[in-house]
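This report goes through the sequence and the model shown below, one chain at a time.

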Amino acid sequence: MSKVLEAIGIRKSYATPGGGRTTILQDLHFHANRNEFVSFVGPSGCGKSTLFNIITGLLTPDSGSILLKNRETTGAPSPELGYVLQKDLLFPWRTVIDNVILGLEVQGMPKREARERARTLFELYHMEGYEKKYPSQLSGGMRQRVALMRTMVTQPEIILMDEAYKALDYPLKIALESELLSVVKQQQKTVIFITHDIEEAVTLSDRVYVMKAHPGEIVQEIAIDLETDSLAIPERRLSPRFNDYYERIWRSIGTQPASINE
Amino acid sequence: MAMNSVSSRETVAGSGRRGPRESFFRSLNARRYTLITLQVAIVALLLGGWEAGVRSGQINPFLFSSPSQVWQVLVDRFHSGEMLGDIKVTALETIIGFAVGAIGGSILGLLLWYSRFISDLAAPFIAAIGAIPVLAIAPITIIWFGTEMLSKVVIVAFSCVVVSLTTSYKGALRTDPDLINLLRSFNAGRGTIFIKLVVPSAMLWVLSGLRLNVGFALVGAIVGEYISSDSGVGHMILLGSSNFGMNIVLAGIVLVMLMMLCFNALVAFIERLILSWDKK
């Protein structure tokens with residue numbers, strides 16, 4: 001299997017007001033293979049967002065490097081990489097379709113052509129009829145769909161997701177995750193999914209990195225095989241192997257004393 | 001004020017559901033009519049009392065004029081064409097000065113987003129210029145730019161520029177950094193970020209600056225006309241007061257009020273046009 005993304009010895013620390021330094025990320029090594037769904041799961045304070053910013057190139061690590069298809073990233077954003085956050089980051093003054101084409105437009109594609117391309121996505125994402133609405137007219141789940149469409153339409157090879165479905169209620173989350181899984185498997189995308197939710201990590205992923213906090217470190221790497229071909233989250237959740245994985249991850253996170261003050 | 005409260009009630013009513021809440025809206029409407037009725041009654045009472053006071057000799061018409069006399073002045077001036085002439089002059093000064101000062105200032109303020117260095121460099125100068133009262137520089141502008149329209153346009157522009165500049169710059173600075181990062185992830189340059197994100201997202205602040213400045217602009221034009229002029233509504237008021245023509249002064253004030261309401265309505269209309277995405 002070929003690695004599309006590899007991180008070697010990532011370290012990151014911040015200066016503290018007292019003059020010292022706090023280590024956020026301690027020597028991270030990880031990778032993602034082509035078409036693989038890889039999750040990072042860990043408690044708050046484990047540096048997930050810092051990690052996210054380093055992978056996207058918005059932050060530079062103190063040491064270590066990120067290889068995208070065996071080439072070191074330069075810090076400039078790569079078109080191979082698209083991201084989706086918890087905040088949907090839609091532009092409120094743009095219609096849904098114009099939000100979807102934002103990336104294409106910025107990359108220089110004429111608006112008409114970009115809209116043509118975007119229009120083909122609306123059926124797949126169950127958003128037909130909402131092309132000309134404004135984000136304020138949509139529900140939270142729909143807005144998240146639009147955010148995913150905006151990323152997918154630029155056809156990145158790797159999709160980076162940071163707590164993308166955290167703010168949604170449970171049934172909606174399940175529905176959107178099922179959609180996500182079938183889209184990324186069908187289009188053969190690599191996904192790096194950052195979450196604090198073990199259940200989410202197990203049901204979606206091919207492989208999970210478990211992180212601990214203070215400093216952020218990878219404590220375990222678990223390959224997931226739920227022994228089902230179904231991409232529907234409820235079915236995957238009911239796999240007899242689910243509890244096993246859940247428990248293993250829970251235990252490796254649970255060995256760390258959790259602080260309530262965070 | 002009255003108009004504001006009425007329109008905000010309407011939005012509340014419009015977004016609600018029908019059915020069990022209907023009685024609630026009926027009482028809301030009743031409240032609204034009560035308010036309007038009372039407001040009209042207050043105006044009628046004041047004007048009526050004033051008029052009655054003058055007619056019965058309790059109020060000196062030489063000092064305080066009367067509603068009917070003011071109305072007469074307005075009617076006469078309308079028929080003689082003087083009124084439209086004055087309004088045209090003052091409106092033109094206000095609009096051109098506003099376009100240069102408020103819109104120009106807004107554009108400059110947005111552009112300051114481009115360079116932190118230039119904005120830091122300019123900050124004390126902007127504050128200093130903002131600290132100069134329009135009244136203080138008005139006489140100089142007459143000397144520099146003459147007694148014609150140009151000097152008033154300069155005064156109007158001067159009285160708008162700093163507020164527009166600072167509000168729009170603040171608006172530009174408030175651009176959500178996550179949205180900037182999103183555009184960066186698409187490899188957008190600073191110019192693209194400015195056009196596609198900073199300008200539209202600062203539009204709310206730009207427009208609130210413009211709304212504030214409508215008032216300043218009209219005040220600037222009137223002040224300019226007080227200093228030196230041969231026409232305009234300010235000229236009409238000045239001339240009236242120097243001849244103890246209270247009718248004319250008050251008629252002028254009525255005209256200024258009406259103009260202000262029109263300008264405000266115009267800006268509100270433009271605002272609704274630009275922020276059309278903001279409605280649910």
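The text below covers strand pairing in chain A and then the overall build of chain B. The model is predicted.

**Chain A**

Strand β1 of chain A takes in residues 3-15 and strand β2 of chain A residues 21-33; the two run antiparallel and are joined by nine bridges. Within this pairing, Leu5(A) has Ala32(A) as its bridge partner in β2(A). Five residues lie between β1(A) and β2(A), which form a hairpin. In the turn, Gly19(A) has a positive phi of about 105 degrees.

β1(A) also pairs with strand β4 of chain A (residues 63-68), again in the antiparallel sense.

| Strands | Sense | Bridges | Bridge partners |
|---|---|---|---|
| β1(A) and β2(A) | antiparallel | nine | Leu5(A) and Ala32(A) |

**Chain B**

Chain B contains twelve helices and zero strands. The radius of gyration of chain B is 24 Å, well over the 19 Å given by the globule rule for 280 residues, so chain B is more spread out than a compact globule. Its C-alpha trace spans about 75 × 70 × 30 Å along the principal axes.

Of the 280 residues in chain B, 38% are buried. Among contacts in chain B between residues at least 6 apart in sequence, 71% link residues at least 24 apart.

Chain B carries 21 positive and 15 negative charges, whose mean positions are 14 Å apart.

Definitions and conventions:
Residues are numbered from 1 along each chain as its sequence is written. Chains are lettered from A and ligands numbered from 1 in the order in which they are written. This is a predicted model: local features need pLDDT of at least 70, side-chain atom pairs count only at pLDDT 80 or more; totals for chains, interfaces and linings use all residues. Side-chain values use heavy atoms; hydrogens and water are left out. Two strands pair if DSSP finds at least two bridges between them. Helices (H or I, at least four residues) and strands (E, at least two) are DSSP runs, numbered from the N terminus. The radius of gyration is taken over C-alpha atoms; the globule rule is 2.2 Å times the number of residues to the power 0.38. Buried means under 20% relative accessible area, exposed over 50%, partly exposed in between (1.4 Å probe, protein chains only). Contact means heavy atoms within 4.5 Å. Lys and Arg count as positive and Asp and Glu as negative; His and the chain ends are not counted. The place of a charge is taken as NZ of Lys, CZ of Arg, CG of Asp or CD of Glu.
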